[in-house]
Amino acid sequence: MDQPLTADQIAEFFRQGFLVIETPLISKPELEWCSKILMRMLVSGQGRSEGRNLDLIARDGGEDTTLPSVLQPSLYATELRKLSYRKTALALARQLLGPQAAFAGDHTIFKPVHKGGPTPWHQDEAFREPGFEYDEISIWIALTDSTIENGAMAYIPGSHLLGVLPHRLNGGAKEANTIECYAGFDPQTAAVRPIPAGAMIVHHGRTVHGSSM
């Protein structure tokens, strides 16, 4: 699909800083195939020696929760590059960012039942090197149903227009594996967006987002 988004969807993205694509676009067999590969990597610790397989919310003084993740999983499991949606995702990115848009990386996060912790509020661009101009989007794909009860993603509408906001180590800890946005926005304005497996949410690199559990 050369033009996967409608004009209304594009306008919604630039107004809100995120766009929910509620209709599942990836088949159940392919989701299961992808999940098996990613779970194998998470369990085996693949990429840990390079600092890419880590507990995203681990920090000093942290609670007994966990959020295992792998940065750049397709570097290790190259078969993930065959995911059917990747071509459509690139076309989508070029609609929003222009014809020069290119794939920059991937990331998987696993939220264990009962022990999965919240994803701290953050902007993706806050993880980038300061002093450069970035124009990025992220496409978050739900491999299983995302519900209010299991920690659906939440977004702060319009926050992509606020610039990069203040961030600190998660929870204000001295040591942590991630950062959190702690000022410059109102969490009470959050829009929680549950979606079914195979659906996705596109968000701007400066959109504040996270999950409560």
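**Briefing on the predicted protein chain**

Of the 213 residues in the protein chain, 42% are buried (under 20% relative accessible area, with exposed meaning over 50% and partly exposed in between, for a 1.4 Å probe and protein chains only). The model is predicted, so local features need pLDDT of at least 70 and side-chain atom pairs count only at pLDDT 80 or more, while totals for chains, interfaces and linings use all residues. Residues are numbered from 1 along each chain as its sequence is written, and side-chain values use heavy atoms, with hydrogens and water left out.

**Overall form**

- The protein chain contains three helices and 12 strands; these are DSSP runs numbered from the N terminus (helices H or I, at least four residues; strands E, at least two).
- The radius of gyration of the protein chain is 17 Å, which agrees with the value near 17 Å for a compact globule of 213 residues; it is taken over C-alpha atoms, and the globule rule is 2.2 Å times the number of residues to the power 0.38.
- Along the principal axes, the C-alpha atoms fill a box of roughly 50 × 40 × 35 Å.
- Among contacts (heavy atoms within 4.5 Å) between residues at least 6 apart in sequence, 78% join residues at least 24 apart.

**Surface**

- The protein chain has an accessible surface of about 11,700 Å², and 53% of this belongs to carbon and sulfur atoms; the areas come from the Shrake-Rupley method with a 1.4 Å probe.

**Helix α3**

- Helix α3 covers residues 85-97 and reaches 18 Å from its first C-alpha to its last, close to the 18 Å expected at 1.5 Å a residue; the expected span is 1.5 Å times one less than the number of residues.
- Its buried residues are Tyr85, Thr88, Ala89, Ala91, Leu92, Ala93, Gln95 and Leu96.
- These buried residues of α3 pack against α1 (7-16), β1 (18-21), β6 (137-141) and β11 (200-204).
- Glycine 98 follows α3 and has a positive phi, near 115°.

**Two loop residues**

- Glutamate 125 lies in the loop between β5 (119-122) and β6, and it counts as buried because its relative accessibility is 8%.
- Apart from neighbours within four places in sequence, glutamate 125 is in contact with Tyr134, Val164, Gly205 and Arg206.
- Glycine 158 is found in the loop between β7 (154-155) and β8 (167-169).
- With neighbours within four places in sequence left aside, glycine 158 is in contact with Arg15 and Gln16.
- Glycine 158 and aspartate 60 are 98 residues apart in sequence and 33 Å apart in space, C-alpha to C-alpha.
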